Amino acid sequence: MNYIYDIEVYPNFFLFCSKCSDTSKEQTFEVSDRRDDRNLFALFLSQPDLVMIGFNNLAYDYPIIHDIITKWFDKPLPKFLQSVYRRSGQLIKSNRSFIKDSDYICKQIDLFKINHFDNFAKACSLKELEFNFQMTNIQELPFDPDKPVSHDQMDLLVKYCHNDVNTTYKLYEHTLPEIELRKKMTEIYKQDFTNYNSTKIGESILVSSVESALGSDKVYEMVDTGTRVVKRAIQSPVESINLNEIIFPYIVFVEPCFKALLSFFKSQTIEELAGAFSKIPESKLEPLKGYYVEDLTTTVINDERVPVQRSLNVKFKDCVIQYGVGGAHACIAPGVYESNEEQVIYDLDVTSFYPNIAIQNKLYPKHYGKEFCNIYEGIFLERKKYKKGTAENLAYKLALNGSYGKSNSEYSPLYSPEFTVSITINGQLLLSMLIERVLDEIPDAYNLQVNTDGATFMVPRSKIEKMEEIKSRWENYTKLELEGTIYSKMIIVNVSNYIAVKESGAIKRKGAIFIYKDSPGELEIYKNHSALVVPKTLEKYFVEQKSVHDAMNEFLHTSIYDFCLRSKVKKTDTLVQKEIDENGNVVSTKEVQRINRYIITGEFVKDNETKSWKVIGKGSQLVKVMKPLKGKTEPREINLEAGYLCTIVNDWSKIDQNELVDMIYLPYYELNVQKVIDRIENGHQ
């Protein structure tokens with residue numbers, strides 16, 4: 001039986017709340033001076049086949065439950081509560097638990113781990129999820145967890161905890177396909193993947209394959225640290241990488257600018273991957289003189305301030321391609337680009353670019369040797385045996401992609417910076433060969449964008465057959481595979497933000513400006529789902545040719561939640577709500593929770609004649625208050641929505657939606673849409 005759960009701990013209060021995924025039945029167990037449910041709680045935990053599902057429960061909730069059952073269960077009430085409270089504080093500070101897998105009382109599924117929210121780039125709290133899931137109530141912990149609570153406060157905490165359980169339940173439903181996938185892969189590979197994120201699954205499958213083929217001694221070594229013997233991954237760290245030694249000999253160019261680029265790369269030795277091709281001394285760019293767009297600044301090198309190029313680029317037929325360790329990028333000016341009777345947007349994307357570069361060119365982490373190539377290719381071929389969407393297909397995909405990402409992680413058995421750089425540098429050059437061929441052999445073609453593993457061109461319709469020929473020739477030469485797609489329209493802000501409309505009508509969205517759907521590669525659940533009416537309206541405007549006003553009004557009466565925004569401030573800062581009068585004067589101030597759901601309901605407007613401020617609409621200011629700067633006494637303040645008034649709507653059950661529709665200040669949202677439209681239609685970056 002699966003139970004989604006959460007706990008709360010106070011000096012005089014322990015609370016456990018749960019919800020059964022099969023029956024939706026809610027349960028509450030409490031230990032305090034008014035109730036002692038320890039025996040009932042123990043009975044609950046003794047259920048056969050019990051599976052407990054939580055949010056960060058491996059690091060916090062479960063260790064406390066484990067110690068309750070194994071250490072403190074029979075302690076007198078005051079000592080029990082004292083022990084639980086002390087352990088809670090320890091876990092909050094350390095966020096680490098040392099319980100062996102074999103000692104777990106019951107199976108734990110941690111949605112925090114599975115969704116990789118422990119990765120800084122994907123960090124997401126339960127309160128942020130309450131906003132993204134459009135939960136009825138967004139509520140932070142109502143009382144200081146370091147102070148005892150009254151009986152009335154305990155009642156409120158029960159409601160609060162069940163609210164958190166309902167949010168966790170929502171995340172459970174969202175994560176269910178991932179949970180089922182891990183269950184299947186655990187059965188297939190005889191390894192417990194239950195709480196692994198996708199990257200870790202891929203790494204584990206690949207490392208296990210290497211270990212099976214080469215033996216454990218080729219993957220791990222036992223090292224005596226002086227105090228104990230530890231198992232340590234064998235890796236291939238390097239002090240520097242000579243690019244001339246890793247560039248494929250078959251990479252050749254015709255155009256002088258690309259020949260110069262190749263010479264430049266071959267002359268480089270890099271010591272650190274991060275920033276290897278940024279802030280380049282101007283003197284080093286002599287081989288590229290005349291072929292790149294200057295973007296100079298200065299920096300201090302060896303106690304001398306010298307001019308440096310901010311980033312490496314090459315200009316070829318009006319296309320400026322940026323190069324770095326991570327990949328090549330280029331983009332035409334912002335605008336709307338459409339296929340018509342004379343020309344067509346033709347996109348070329350390399351299938352599994354980085355894994356296939358490694359496979360086709362026999363690249364491998366040095367510490368594994370050439371045998372790694374056979375293992376890696378074997379995984380690629382094995383994946384082809386299974387249909388897309390199957391657990392096996394996805395598992396092998398994760399293993400293939402994991403090799404590149406983890407080869408640059410000092411914590412991985414795959415760590416091999418030379419392997420990483422060999423893939424990325426050669427990948428950029430191979431893509432440049434494709435761009436050179438297209439633009440040389442089809443003079444009327446031009447490049448719309450380049451983005452790591454592909455490029456998009458505008459080409460004459462009469463040259464589609466020629467494009468196919470170039471595509472096939474490049475594939476045969478590189479042994480890589482290109483996927484060609486024709487778009488009817490592209491709305492481009494930059495290489496990271498665009499809408500691409502396929503001939504079938506299907507839409508590809510990229511970047512925070514345009515994404516709004518909760519799906520892989522788009523608006524994932526950990527991202528900020530604020531003001532989704534803006535990207536939705538932009539799509540209506542550019543794809544369906546609806547006016548901003550008409551589109552906005554349509555959403556106003558069909559999806560009002562899309563007008564909501566989310567506040568978020570650090571734990572070290574506070575958020576205050578400043579009430580103002582009709583003249584814009586602050587009349588009261590109160591602290592509010594750090595994460596809020598709010599809408600824009602008014603604006604400050606300056607009267608040009610009287611030079612005074614007046615208020616349109618109603619609401620209050622939301623102001624972030626930060627610690628004073630060094631040497632200052634006054635705290636710093638930043639208005640979250642400068643010039644606008646906000647209304648907090650955390651408890652949706654208390655909202656009259658008709659009244660809310662009338663309160664929403666549309667000019668704010670329309671202005672944010674119009675800013676993007678102006679950038680695109682005026683061609684401004």
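**View 1. Serine 83 sits in helix 3****.** Helix 3 covers residues 77-94; helices here are DSSP runs of H or I with at least four residues, strands are runs of E with at least two, and both are numbered from the N terminus. The model is predicted, so local features need pLDDT of at least 70, side-chain atom pairs count only at pLDDT 80 or more, and totals for chains, interfaces and linings use all residues. Residues are numbered from 1 along each chain as its sequence is written, and side-chain values use heavy atoms, leaving out hydrogens and water. Serine 83 counts as buried because its relative accessibility is 5% (buried means under 20% relative accessible area, exposed over 50%, partly exposed in between, with a 1.4 Å probe and protein chains only). Setting aside neighbours within four places in sequence, look for its contacts with Trp72 and Lys75 (contact means heavy atoms within 4.5 Å).

**View 2. Isoleucine 53 belongs to strand 4****.** This strand runs over residues 51-54. With 0% relative accessibility, isoleucine 53 is classed as buried. Not counting residues up to four places away in sequence, isoleucine 53 touches several partners, among them Asn2, Tyr5, Leu111 and Tyr172. Isoleucine 201 is 148 residues away along the chain, and 20 Å separates the two C-alpha atoms.

**View 3. Helix 14 is mostly covered****.** Nine of the 11 residues in this helix (533-543) are buried, including Val533, Leu538 and Phe542. Who does the covering? The cover includes strand 19 (482-494), helix 15 (548-556) and helix 17 (666-681). Just after helix 14, you can find glutamine 545 with a positive phi of about 60°.
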